[in-house]
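Please look through the sequence and the model shown here before reading the report.

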Amino acid sequence: MKKSPTIIIVLLTVGLFILLGILLGRYTLSRWVTDTPNATCAVTMTEIIESAQGNVYDMGDVSDYVEPQSYDLATYAVLGDKIANPTFESVPNDLKEEQKDLALQNEAWKLFTDLIPSQNRQMVTQYNVFTDGYSNTLAAVDQTEDDPSQWVLEIDVADLQDKDSLVFTIIHEYAHVLTLNASQVTPDQEIVDNPDVSSLQESKAAACPNYFTGTGCSYEDSYIDDFYNRFWVGVNDEWEKIDALQYGAEDLTIYYDALYNFYKTRQDQFVDDYAATHPTEDIAESFAYFVFNPKPAGNSIKEQKVAFFYEYPELVELRANILDNLCTSSSQRQ
Ligand SMILES: [Zn+2]
């Protein structure tokens with residue numbers, strides 16, 4: 001059957017509108033993603049990035065630094081968006097009040113679920129509340145002891161008062177889950193059971209054809225394998241010699257100084273000094289800068305590390321969702 005010219009013109013027009021709609025949608029999305037026109041969010045983003053500045057390993061004249069004692073306050077099971085069935089460790093008297101403050105513990109958890117979309121955090125099945133006092137360690141992630149494909153999020157409730165820094169740290173920690181979870185790196189129970197056995201690490205690394213993360217062998221073309229191959233191959237030998245200084249050392253100052261010098265001579269390669277700690281820290285820190293900064297305009301290696309994530313459409317979408325969630329939750333807070 002021959003179609004009449006009118007029908008063809010109508011079909012063409014409809015097709016053109018759909019195409020225009022798609023193009024316009026893409027344009028709007030990419031504009032939103034790169035420029036983030038929402039004023040509230042732009043201010044929040046600047047404040048969050050500023051809160052992350054500062055040199056972690058510039059010990060200067062600090063010679064007697066002692067890591068503060070950390071206490072586990074509560075352990076929760078994660079059920080979807082909610083946390084349940086807390087169990088409590090025994091803690092010193094001055095922490096008992098904090099330990100009973102379930103509202104505060106829920107508030108810290110809500111910060112995480114408000115930011116990260118549900119479908120992107122299914123592997124987080126446990127939530128631990130700890131404290132080492134204000135500042136110091138703000139948050140952490142770890143594989144669960146009995147199943148390395150599952151993850152624990154840990155938050156220091158004493159740092160809730162410093163929301164910008166905590167939000168930055170939560171995104172940094174989430175980036176570890178994103179780049180080390182079972183879809184990216186083979187979960188390895190043997191490593192979880194023997195975290196400090198360096199001979200095991202060496203044999204596992206030797207048997208891994210791709211980048212070995214310390215937690216397991218990464219898959220070819222995983223985020224961390226791609227990142228390592230692109231940015232770390234040339235610096236890894238020198239970095240490994242410095243990294244080895246911390247193991248078995250009584251005084252970590254030598255390690256900190258060497259690491260800081262390594263960073264100082266390559267400031268155009270790392271988003272900040274913490275990123276030079278390890279390739280897995282570099283990708284996590286670069287991811288946090290990717291989330292909270294506009295798309296880099298230049299081409300330095302540290303800008304390439306941030307631009308790296310724009311090559312993955314699912315991460316561009318995740319970034320847009322996190323920023324959208326941040327806008328919503330920060331406007332609710334104000
Ligand atoms: Zn980290």
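This is a predicted model: local features need pLDDT of at least 70, side-chain atom pairs count only at pLDDT 80 or more; totals for chains, interfaces and linings use all residues.

Residues are numbered from 1 along each chain as its sequence is written.

Helices (H or I, at least four residues) are DSSP runs, numbered from the N terminus. Two packed helices are described by the angle between their axes and the distance between the axes. Axes are lines fitted to C-alpha atoms, for helices over the stretch in contact, and angles run from 0 to 180 degrees between N-to-C directions.

| Helix pair | Angle | Axis distance |
|---|---|---|
| H9 (residues 236-243) and H10 (residues 253-264) | roughly 160 degrees | within 9 Å |
| H5 (residues 163-180) and H11 (residues 279-292) | about 125 degrees | 8 Å |

Its angle makes H9 roughly antiparallel to H10, whereas H5 and H11 are therefore oblique to each other; angles under 35 degrees count as roughly parallel, over 145 as roughly antiparallel, 65 to 115 as roughly perpendicular and the rest as oblique. Residues are in contact if their C-beta atoms, placed from the backbone, lie within 7 Å. Between H9 and H10 the contact is made by Glu238, Trp239 and Ile242 of H9 with Ala258, Leu259 and Phe262 of H10, while the contact of H5 and H11 includes Phe168 and Ile171 of H5 and Ile283 and Phe287 of H11.

Helix H4 (residues 102-115) has 14 residues and spans 20 Å from its first C-alpha to its last, close to the 20 Å expected at 1.5 Å a residue, where the expected span is 1.5 Å times one less than the number of residues.

How values were computed:
Helices (H or I, at least four residues) and strands (E, at least two) are DSSP runs, numbered from the N terminus. Two residues are in contact if their C-beta atoms, placed from the backbone, lie within 7 Å.
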